[in-house]
Every structure is written in structure tokens, then in C-alpha cells.
Amino acid sequence: MLPQMPRDAWYRLEDSWVVVKEREQPIFTTRAHVFQIDPTTKKNWVPASKQAVTVSYFYDSTRNSYRIISVDGSKVIINSTITPNMTFTKTSQKFGQWADSRANTVFGLGFASEQQLAKFAEKFQEVKEAAKLARDKSQEKMETSSNHSQESGRETPSSTQASSINGTDDEKISHGGPETAALITENDRLKTAVEQSNANAKKWETELQTLRESNARLVDALTESSANVESWKKQLNSCKEESETLREKISELEAQCAEASAEKERNAQLSARVQELETELQDKEQELENLRKQAEIIPQLMAECESITEKLQAADVKNKDLEERIGGLQADIEDSQSKQGNMKGELKKFMDILDGKIDELHEFRQGLSRLGVDN
């Protein structure tokens, strides 16, 4: 069951209850994501809140102490009393941490901007200095009180002795008897108590008014935070939907990038193939040009071939005529041996001519064969 504490705020911290008294005033409030160090590994951060929550500095005027308190719903996730030995460290542009030896943990805060982190760190340093000053004053007060008690202890015997010898003022005044002196003493004591109670009443009234104002501010802040919860939930849902949409777009873009990479590889292969085809085309064009030049020479070669063929035919005809003449001449030689002597000179000339013609024919045949080989 929740303890019934009027005018105080109770919050659950794990298995214990934490109360924020009316005497504690919030002096600074911000919003941040709360983390705690993993107690097992002492390295990893464990989220203490699912979203940004309110983190406040509270000042206890009675104890002159400062606390950092953060509440997520009805659960207290930070309850850290600030001491002069604590240090707030900025580990990044939007994250800071401090160690609490009493809670045996390390708290971390993630802010939405660098300005919020700077303001929180500045307030931490200010509160730390105030706590140090309060501790020093408390120590001085204790030392003064100790010295005063020692001095009063030393002075008490002599004053008692003097009172016993000379008598007090009350005793001098109250010659009427011990009852009158007791009444006077009681009256003085009551006056002192009334004056002190009046002073304390004024002080309590001031503190009560301050606490009422703080409580009203806390109620307004709680109402405002409750009203903002739904809007934060809607924003969170919209952020989740946008995140899913962005993830789908990223997947599509990755697929498109993969297709683009494959298309680039195909384009590179096609470019290489086009270059090869252009090289082959140039070689074919060169071969075609050579064939065109050779085609221009072919008519001349055909004309020469025809002329050589005609000459060869004429030589064959002459050869046949010469063979016929030789046959006739041989017959004439056989028939006319008697005319051989006379015909030797003519025959010799004729044989010389025949040899020349045969040589020419032979040269024509060699030239014809060479032409055929060239073709």
C-alpha cells in the first residue's frame, strides 16, 4: 500500500519508496534520456527510460542539501544527493555522466541539444559549490558549538560559585519568598518560548508559502507532462512509421544501386566489345581498300593476259607452220640430198631463225607461267 503522506510526493524506486518533502524546492528542470551503467560489465549503458523524462534539481532548505531526481511515471529512476566530491563529465556533445558512490552506480543523461547539456553541467557545478559551502559552514558551526560548549563547561563552576555566594538578581528581587522567584523565572521562560515560537511561526509560514508555490508548480508541470504524453506517443508512432518508410526506401535504393552496378558492368563490357568491333572494322576497311587497289590492277592484268594469249596462239600457229615446213624440208632434204650443199647456208639461217623463234616462244611460255602464278 502507498504510504499516506499529506502534502508530500511519494515515488517508487525499485523496492523502496522515495518521498519528495514539501521543504524541497525544484530549482532547475530539464528533459533528457536517462541511462545507468551496467552493474555486471561496468562498461555498457542500460536505458533507464524509454523516452526523454524530466530531470530536476531539488533544494532542501532544512538540511541545506541538493538532490537530482527524475521520475518516469510513478517510478524514480534518479535519486542522487549531490556532494562536493562529485564531478559531472561531458563525454560527447550531447551526453554527460556522473558517479554516485551512495547509489553505487553511474548515471548518464542524453540531451536533445548541446545548450541543454551545457546548462545542466553549469547547474551541477553551481550546486556542487553550494553543497561544498554548506558543508564548510556546517563544519564551522560544529567547531564553534564544540568550542562554546567547552568554554561554558569551564565557566560553569565559577558562575555557580558566585551565584551561591552573592545570590542572583532574581533572588535579590524576590525577597517575598521562593514561590515569587519561581513564578518570575517561569514567566521569563514562557516569554522566551513565546517569542521563539512567534519567530518560528513566521519562518514556517514563509516556508509553507514557498512550498505551496513549489507544489503548485510541480502540479502544473505534472499536468503539462501528462497532457504531453499523448502527443509524445503520437510523435513516437509517427517517427516509427517514418522510420519504417525510410528503411523501405533505403532497401529500394540499395536494390537500385545493385542494379546500377550491374548495369555499369554491362556497359563496360559493351564498351570493350564496341572498341574491339571498331578495331576489326578498321582492319576490314584496310583490307577492302587493298582489294579495291588490286581490283583496279585486274583489268590491266586481264588485258596483258589476253595479249599474251593472242601472242601464244600466233606462236602456236607459227610453230605449226614451222613444223610443217620442217616436215616439208626434211622431205625435201630426203628427196634433195643433192641440193643439200646448196641449201646448207639457207638451212643454217633458217635454223638460226627457228632457234630464235623457239627461244622467244620459250620466253613467252615462261612469262605466261609466271603470270599465271602471280594471278
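Select Glu126: at 47% relative accessibility, Glu126 counts as partly exposed. Here buried means under 20% relative accessible area, exposed means over 50%, and partly exposed lies in between (1.4 Å probe, protein chains only). The model is predicted: local features need pLDDT of at least 70 and side-chain atom pairs count only at pLDDT 80 or more, while totals for chains, interfaces and linings use all residues. Residues are numbered from 1 along each chain as its sequence is written, and side-chain values use heavy atoms, with hydrogens and water left out.

**Stop 1: Glu126 and Lys123**

Glu126 forms a salt bridge with Lys123, with 3.6 Å between the closest N and O atoms. A salt bridge is a side-chain nitrogen of Lys or Arg within 4 Å of a carboxyl oxygen of Asp or Glu. Because Glu126 and Lys123 are three residues apart in helix H1 (residues 114–166), about one helical turn separates them. Lys123 counts as buried, at 17% relative accessibility.

**Stop 2: the whole protein**

Zoom out and colour by secondary structure. The protein has four helices and ten strands. These are DSSP runs numbered from the N terminus (helices: H or I, at least four residues; strands: E, at least two). Along the sequence the pattern is β-β-β-β-β-β-β-β-β-β-α-α-α-α. Of the 375 residues in the protein, 18% are buried. Among contacts (heavy atoms within 4.5 Å) between residues at least 6 apart in sequence, 53% join residues at least 24 apart.

**Stop 3: loops in the strand region**

Select Asn64, in the loop between strand E5 (53–60) and strand E6 (65–72). Its phi is near 55 degrees, a positive value in a residue other than glycine. Asn64 is partly exposed, with a relative accessible area of 31%.

Next, select Asn104, in the loop between strand E9 (95–100) and strand E10 (105–110). Asn104 is not a glycine, yet has a positive phi of about 55 degrees. With a relative accessible area of 58%, Asn104 is exposed.

**Stop 4: helix H3**

The structure holds four salt bridges; helix H3 (residues 178–335) contains Arg247 and Glu244, which form one of them, with the closest N and O atoms 3.5 Å apart. Arg247 is exposed at 51% relative accessibility, and Glu244 is partly exposed at 42%.

Move to Arg273 and Glu276, whose side chains meet in a salt bridge (3.2 Å, N to O). Both lie in helix H3, three residues apart, about one turn of the helix. Arg273 is partly exposed, with a relative accessible area of 43%, as is Glu276, at 42%.

**Stop 5: the negative patch**

Select Asp352, Asp355, Asp359, Glu360 and Glu363, which gather in a patch of negative charge on the surface. Patches are made of residues with over 30% relative accessible area and no salt bridge; like charges are joined within 9 Å, and nonpolar side chains (Val, Leu, Ile, Met, Phe, Trp, Tyr) within 5 Å. Lys and Arg count as positive and Asp and Glu as negative, with His and the chain ends not counted. The place of a charge is taken as NZ of Lys, CZ of Arg, CG of Asp or CD of Glu. End on Glu360, in helix H4 (residues 340–374). Glu360 is partly exposed, with a relative accessible area of 39%.

Terms used: Areas by Shrake-Rupley, 256 points an atom, 1.4 Å probe, with all protein chains shown as cover.
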